[in-house]
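Dear colleague,

I am passing on the structure we spoke about, and I would be glad if you could look it over with the notes below beside you.

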Amino acid sequence: MTIDPILIERTVSAFRRVHGRVPDLVSFAPGRVNLIGEHTDYNDGLAMPCALAVGTLVALGLRSDKRIEANALDLGNASASFGLGSYIPRQENGDWENHLRGIVAGMPRFDLPISGANIVLSGNIPQGSGLSSSASLGVALALGLSALSGEASPDRLALARVAQWSEHEFVGCACGLMDQLASVFGEQDQALLLDCRTLAVRHVPFPADATIMIVHSGVTRGLVDSAYNERRLQCAHAAKHYHLGALRDLDLDALRAGRGELDETVFRRARHVVTENARVLEAAQAMRESDLVSLGRAMFASHVSLRDDFEVSLPAIDTLVECLTEAIGINGGARMTGGGFGGCVVAVLPQNRVSTVQEALSAHWRQHGMEQQMVMVATPATGAHLVSGW
Ligand code: GLA
C-alpha cells in the first residue's frame, strides 16, 4: 500500500524543524470504512469493515527524560507536554491531547512498553467524515510508542485494545472495538469479517472487479458521543430484558416471543442488532461469491434498519443513499457507514460504473443546491505498520 508521500514529507520535515533532527521512526495506522455490521460490535456481534489508504502518520524520536512532547500539525501545530509519571490525568476540554494522554496512560495496562518521546503527528482522513480518524490516531501512537520503546512487533490485539481503552477513559466515547481492529488488522484487497465476541478476524476477498466508493453527506459528524452512548445503553437494557449477556445471543424468533413489556424504541434497537448480525453473514457470503446483487441488497437493508429501527441516520444521508442506490443499479449497493448522525455513505459497485455514479452524484448536489462533496474511490488497504524509506 502507498501512503500519500506528501503526508510523510510534511510530517517528517515538521519533526526536523521542531526537534532539529530526523525522527527515529515513523508509524502509520489507517482509518476504516465499515461495509456492513453497524452498532453490532458492542453487542458482541459481527461487522465487516476494511482499512483505507488514508490514516494518521506519527513521527517519533526517543527522549531520555521521561517526558512526552507532541505537536499536532493539522491543528495549527497545537502542542502537548507532560511527564510519564504514575498518574496521567485526563484534561478537561483536552480534545486531541486526551487521545494522546489516554494512549500513554494505557500502554502499561496492556503490557506495551512506553518511554519518553518527541512526537509529531498528522493525518489525511477528512475531518468529521466518520472514517475513524480517532482510532487511527490511537493505533498509530500505540504502535509508534511501542516500537520506539524497543518492541517493534507488539501484540496486535493489545494495540487495538489500548486505543479503545483510551476512547473510553480519556475521550468519553464508549465505543466498541471494530474501528481499532480494522485499523490494526487491515489487509490489502480483503474485507475483515470480525467476530466482536471471540475477536476472531477472518479475511474475505474483496471482488476483483468491484470498488468501494465513500461519499461525504455534507453533514460533519461531531458531538455525537451522547447519542452513541445512549444507543449502547438501550442495547444493554434490551439484553437484560431477554436475560442475556449480549444481544448477539438473540435471534428474531426469540426477540419477538420474549418482547413482553419491552419499550417499543428499545425493541427496535434490539431488532436492528439481531437483523444486522444476520446481514453481515449474508454479505460476507455474497462477497466470497462476487455476488454484488446480494451484497447490495444486504447493504440497503442495513441502511433501512439503521434509519428506521436504530434511528442514527439523517435525511441528507437517506437521500444520498437513495441517489447512489439508483445510480448503481442492482449490481452493488449503498448505506450509511459508521456511528451515524453525519459523515459518509459507503457504496460497493462495479469498477466500470464509477464515472456514471459520479455524474449522478454531481446532478444530485446541483439539484439540492449543494457544493460538490468528497468522493473517495478505494479498495481495502493494509493495517497499521512502521513506515520505512522516508
Ligand atoms: C463507531 C464506534 C464503533 C462502532 C460504530 C457503529 O464508529 O467507534 O465501535 O460501534 O460506531 O457501528
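In what follows, two residues are said to be in contact when heavy atoms of theirs lie within 4.5 Å. Please keep in mind that this is a predicted model.

The ligand has a shell made up of Arg-32, Glu-38, His-39, Asp-41, Tyr-42, Cys-175, Gly-176, Met-178, Asp-179, Tyr-228 and Gly-339, which by class comprises four nonpolar, three polar and four charged residues. Oxygen atoms of the ligand lie 2.5 Å from a polar side-chain atom of Asp-41, 2.6 Å from a side-chain N or O atom of Asp-179, and 2.6 Å from a polar side-chain atom of Tyr-228. Of the 310 Å² of accessible area that the ligand has on its own, the protein covers 94%.

Met-178 and Asp-179, both in that shell, are also among the buried residues of helix H5, together with Gln-180, Leu-181, Ala-182, Ser-183 and Val-184. Because seven of the eight residues of H5 (residues 178-185) are buried, the helix is largely enclosed by the rest of the structure; its buried residues pack against strands E1 (25-36), E2 (46-62) and E6 (190-195), and against helices H3 (133-148) and H4 (156-171).

With best wishes

Note on methods:
Residues numbered from 1 in each chain as written. Predicted model: local features only at pLDDT ≥ 70, side-chain atom pairs only at ≥ 80, totals over all residues. Heavy atoms only, no water. Near = heavy atom within 4 Å. Polar contact = N/O pair within 3.5 Å; in protein donor to acceptor, adjacent residues only side chain to side chain. Areas by Shrake-Rupley, 256 points an atom, 1.4 Å probe, with all protein chains shown as cover. Nonpolar A, V, L, I, M, F, W, Y, C, P; charged D, E, K, R; others polar. Buried < 20%, exposed > 50% of the residue type's maximum accessible area, 1.4 Å probe, protein only. Helix = DSSP H or I, 4+ residues; strand = E, 2+ residues; numbered from the N terminus.
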